[in-house]
Amino acid sequence: YQNSLIYNSPSYQLGFTYDLRYARIGTSAYQSAHTATLSEFASGSLMVQPQVNYFNANVNSNVGRGGLIFEPFLDINNNGRKDKNEPRVSGLTVAVNGGGMQKTTKDTTIVVSGLEPYTNYFVELNTDGFENMAWKIKKPKMNIAIEPNKLKLIEVPIAIVGEASGNIYIKKKNEEMGLGRISVNFYTKDPVLVSKTMTESDGYFSYLGLLPGA
């Protein structure tokens, strides 16, 4: 709440401004010797994204600007799309080079608003807050174009990954000697190279991040 009174005979000016959580409203009056002026104003924005039942009233003006809504979910069947039986996941953090961010603890969505339209924003997703270390994001970095007057929904599929580990060694008579700095490659059955790691000095290797499948 703000108010002001300026008095200078034979004229005066009186004004009131209310800063609410969802809007800013105010009025002002000006009186001079032969003129009386009264003005009122209201500002703010309503943001709606029906796909995730998102509704928000904001004191800042977002007209002409764009925004992003991130919806992280556990991709159980690994198809990259959110199905009805796939739960949302909490703990995701998002870094965007601009805009204002709002986290919704009720449904785990993250909203970034006030972004410049027709501009590409670099987005980085961080999984350090997940409750399970086997939950990984396939594309943790994105480059997203912003459209004016639109909240763009970004579904974030989180895969449940597996781990492979073992030892590589050379056997001489009754002695086994671990082989270090051996490159270990992981392929799909097609085969397509998906990742690689290297053995430690004692021949041990371990890799966490393999998607479900052969």
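# A tour by selection

Tyr118 is found in the loop between β10 and β11. Select Tyr118 to start. The structure on your screen is a predicted model.

**Stop 1**

Check the backbone of Tyr118. Its phi is positive, about 60°, although Tyr118 is not a glycine. Most residues other than glycine have a negative phi. Is Tyr118 buried or exposed? Tyr118 counts as exposed, because its relative accessibility is 69% and the cut-off for exposed is over 50%.

Stay in this loop and select Glu116. Where do the partners sit in the chain? Glu116 lies in the loop between β10 (110–115) and β11, and Arg65 in the loop between β6 (54–58) and β7 (66–74). The pair links distant parts of the chain, 51 residues apart. Color by accessibility if you can. Glu116 is partly exposed at 38% relative accessibility. Arg65 is also partly exposed, with a relative accessible area of 31%. Side chains of opposite charge can pair when their charged atoms come close.

**Stop 1: the sheet of 3 strands**

Move on to β11, residues 120–126. In which order do the strands of its sheet run? The order is β8-β11-β13 in an open sheet of 3 strands, and the pairing is antiparallel. Select 93–96 for β8 and 141–145 for β13. These are the edge strands, and each pairs on one side only. Neighbouring strands here are turned by 30° against each other on average, direction ignored.

Zoom in on β8 and β11. How many bridges join β8 to β11? There are 4 bridges, and the two strands run antiparallel. Opposite Val94 stands Leu125 in β11.

**Stop 3**

Follow the chain past β13. Asn149 lies in the loop between β13 and β14. Look at the backbone again. Asn149 is a residue other than glycine, yet its phi is positive, near 55°. With a relative accessible area of 56%, Asn149 is exposed.

Now show the side chains of Glu147, Lys150 and Lys152. Lys150 forms a salt bridge with Glu147, and the closest N and O atoms are 3.7 Å apart. Glu147 also meets Lys152 in a salt bridge, at 3.8 Å from N to O. Which residues make up the network? Salt bridges that share partners join Glu147, Lys150 and Lys152. Lys150 is partly exposed, at 41% relative accessible area. Glu147 is partly exposed too, at 36%. Across the whole structure, a search finds 5 salt bridges.

**Stop 2: the sheet of 5 strands**

Select β14, residues 151–160. This strand belongs to an open sheet of 5 strands, in the order β9-β10-β7-β14-β12. The pairing in this sheet is mixed. Next, highlight β9 (100–103) and β12 (135–137) at the edges.

Trp135 is your landmark here. Trp135 stands opposite Ile160 in β14.

**Stop 3**

Tyr18 itself is partly exposed, at 37% relative accessible area.

**Stop 4: a cis peptide bond**

Finish at Pro191, in the loop between β18 (183–187) and β19 (193–198). Select Asp190 as well. What kind of peptide bond joins Asp190 and Pro191? The bond is cis, with omega at about 0°. Most peptide bonds are trans.

Conventions:
Residues are numbered from 1 along each chain as its sequence is written. This is a predicted model: local features need pLDDT of at least 70, side-chain atom pairs count only at pLDDT 80 or more; totals for chains, interfaces and linings use all residues. Side-chain values use heavy atoms; hydrogens and water are left out. Buried means under 20% relative accessible area, exposed over 50%, partly exposed in between (1.4 Å probe, protein chains only). Two strands pair if DSSP finds at least two bridges between them. Axes are lines fitted to C-alpha atoms, for helices over the stretch in contact, and angles run from 0 to 180 degrees between N-to-C directions. A salt bridge is a side-chain nitrogen of Lys or Arg within 4 Å of a carboxyl oxygen of Asp or Glu.
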